[in-house]
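Colleague: Hi! Could you walk me through this one?
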Amino acid sequence: MFAIIKTGGKQYRVAEGDILRVELLEKDPKQAVTFEDVLLIDNNGDLKVGQPTVKGAKVEAEVITHDRAKKVIIFKKKKTTTYQRTQGHRQGYTEVRIKAIKA
């Protein structure tokens with residue numbers, strides 16, 4: 001059984017027991033979180049597709065930790081005007097463990 005959920009402007013394919021990195025959530029570690037934007041559920045061949053979401057479906061998860069991803073370096077350069085800028089960015093994320101998929 002798997003589901004496709006939408007959170008943080010992205011879509012994820014999840015199954016029970018999966019560990020997933022999503023956009024930063026305002027929850028404490030070991031706190032429960034529910035994703036209600038379920039776009040699709042597949043229960044061993046029984047496919048439910050939402051219009052745009054599946055009615056009454058939700059995915060329950062538990063927050064594991066908050067962290068930041070590896071640094072991404074942004075480098076801009078224009079060779080004729082001696083212009084160059086370096087900037088770094090670390091995106092925050094929340095790691096969650098999928099507990100249950102309810103249709």
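Modeller: Happy to! Let's start with glutamate 95, which is buried at a relative accessible area of 19%; buried means under 20%, exposed over 50%, and partly exposed in between, using a 1.4 Å probe and protein chains only. This is a predicted model, where local features need pLDDT of at least 70 and side-chain atom pairs count only at pLDDT 80 or more, while totals for chains, interfaces and linings use all residues. Residues are numbered from 1 along each chain as its sequence is written, and side-chain values use heavy atoms, leaving out hydrogens and water.

Colleague: Which residue does glutamate 95 form a salt bridge with?
Modeller: Arginine 21, with the closest N and O atoms 3.6 Å apart. A salt bridge is a side-chain nitrogen of Lys or Arg within 4 Å of a carboxyl oxygen of Asp or Glu. The pair joins distant parts of the chain, glutamate 95 in strand S10 and arginine 21 in strand S3, 74 residues apart. Strands are DSSP runs (E, at least two residues), numbered from the N terminus.

Colleague: How many salt bridges are there in the whole structure?
Modeller: A search finds 4. One of them pairs lysine 99 with glutamate 62 at 3.3 Å between the closest N and O atoms. Lysine 99 is partly exposed, at 45%.

Colleague: New topic: is aspartate 42 buried or exposed?
Modeller: Aspartate 42 is buried and has no salt bridge. The nearest side chain of opposite charge, arginine 13, is 6.2 Å away; here Lys and Arg count as positive, Asp and Glu as negative, and His and the chain ends are not counted.

Colleague: What does the side chain of aspartate 42 reach, then?
Modeller: The backbone nitrogen of glycine 45, at 3.0 Å.

Note on methods
Polar contact = N/O pair within 3.5 Å; in protein donor to acceptor, adjacent residues only side chain to side chain. Helix = DSSP H or I, 4+ residues; strand = E, 2+ residues; numbered from the N terminus.
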